[in-house]
Amino acid sequence: MAAHRKPRPSSLGRPAARTAATLALASAATATLFEGSGHADPARPDRTPAQVRAEVDRLYQEAEAATERYNGAKERADTARASFEHLRDEAARRTERLNTARRSLGAVATAQYRSGGLDPAVQLALTSDPDRYLERAALAEKAGDRQAAAVTAVRRELAALAQLRAESAGRLTALRGHESELRRQKAAVVDRLTAARRLLARLTAEERARYEAAAAARTAAGPGAPAAGATTAGATTARADRGSGDRAPVTAATGRAAAALSFARAQIGKPYVWGATGPSGYDCSGLTQAAWRAAGVSLPRTTYTQINAGRRVSRSELAPGDLVFFYSGISHVGLYIGGGRMIHAPRPGSPIRVAPIDEMPFAGATRVA
């Protein structure tokens, strides 16, 4: 019977998956990490539990990379939206000033109409009282000055409004572009998390329990534990690159670093929530940003900007409070606590916890303060 069974269609043949694939291709310029990596088909029956677990780890890592790009796109969209709203408010204020200037100009025109709007020379010819004429001429000159000022004000506000409208149109176009990028990156995150959940569903309850137990064991093992889903070469490099900072006695954090660590420790056990900055859940960069905010330091939102937010330090120089980064795309960050360990928000389904920095391929470190 198995020989006559029709092969199941590829997941890319379904409309929803075709849409996800199109979105992924559309964001290829900012998603270099995903180049050359295909999606696991949860329906494939030839995967062993170990292969499924490795694929799940890879998908979670790709989801986190997409999450950081989502965070960056959200930050840019929020900035563009604030700028557009500021321009819109300024345009409203300018419109009110324009209306005031127009009313002033209208009042001058009405006064001239009521006085007949006669040429001063004609008024002089018709009046029998030269002194009264001179008084009227002086008033007319002042009215003319007011009219000229009103005209100038109207022209100035019109020009300012035209510039504001042009700027607003540009900011609105930028905002729509950022929002489109935001949707693409969100689709990429959801796509990979969905694929990971489908793969995990193929495991038996016992196999899933072993998978979670293995992750917990790596956390408890401390420095030297092999990284989940890491290549043998990557794990070997990590062991070879381990510096004296991993083996040195833990030094007490002081000042702002101590405040940041105190905040991070208080978040242990809270869930990983992609795109979140607290207080009920965090993603990896959201946790480090919130921790240092509690210490009075403003960090950028994403991993690939946080790495440039302080002084770079080598692995052997690590001290409590340093930001430690992982993977070649700088897609994960944790807060170093000493002894080769960190506090970090790992991935969906795994709460904020203490873990060895050898759990993932080390990419660099930054000292914020």
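Lys 74 has a relative accessible area of 33% and is therefore partly exposed, because values between 20% and 50% fall in that class. This value, like the others in this account, comes from a predicted model. Lys 74 takes part in a salt bridge with Asp 78, in which the closest N and O atoms are 3.1 Å apart. Both residues belong to helix 2, which covers residues 49–114, and they are four residues apart, about one turn of the helix. Asp 78 is itself partly exposed, at 33% relative accessibility.

Asp 78 has a further partner. It also forms a salt bridge with Arg 81, and here the closest N and O atoms are 3.1 Å apart. Because Asp 78 and Arg 81 are three residues apart in helix 2, about one helical turn separates them. Arg 81, with a relative accessibility of 28%, counts as partly exposed.

In total, the structure holds 12 salt bridges.

Another of these pairs involves Arg 76, which forms a salt bridge with Glu 181; their closest N and O atoms are 2.7 Å apart. This pair links distant parts of the chain, since Arg 76 lies in helix 2 and Glu 181 in helix 4 (residues 130–202), 105 residues apart.

For helix 8 (residues 255–266) and helix 9 (residues 284–294), the axes come within 7 Å and cross at roughly 130°. Helix 8 and helix 9 are therefore oblique to each other, because this class takes the angles left over once those under 35 degrees, over 145 degrees and from 65 to 115 degrees are set aside. The crossing of helix 8 and helix 9 is right-handed.

Which residues meet where helix 8 and helix 9 are in contact? Helix 8 contributes Arg 256, Ala 257, Ala 260, Phe 263 and Ala 264, while helix 9 contributes Ala 290, Ala 291, Trp 292 and Ala 294. Sorted by class, this contact has eight nonpolar residues, no polar residues and one charged residue.

Notes: Residues are numbered from 1 along each chain as its sequence is written. This is a predicted model: local features need pLDDT of at least 70, side-chain atom pairs count only at pLDDT 80 or more; totals for chains, interfaces and linings use all residues. Side-chain values use heavy atoms; hydrogens and water are left out. A salt bridge is a side-chain nitrogen of Lys or Arg within 4 Å of a carboxyl oxygen of Asp or Glu. Helices (H or I, at least four residues) and strands (E, at least two) are DSSP runs, numbered from the N terminus. Buried means under 20% relative accessible area, exposed over 50%, partly exposed in between (1.4 Å probe, protein chains only). Axes are lines fitted to C-alpha atoms, for helices over the stretch in contact, and angles run from 0 to 180 degrees between N-to-C directions. A crossing is left-handed if the near helix is turned anticlockwise from the far one by less than a right angle, and right-handed if clockwise. Contact means heavy atoms within 4.5 Å. Ala, Val, Leu, Ile, Met, Phe, Trp, Tyr, Cys and Pro count as nonpolar, Asp, Glu, Lys and Arg as charged, and the others, Gly among them, as polar.
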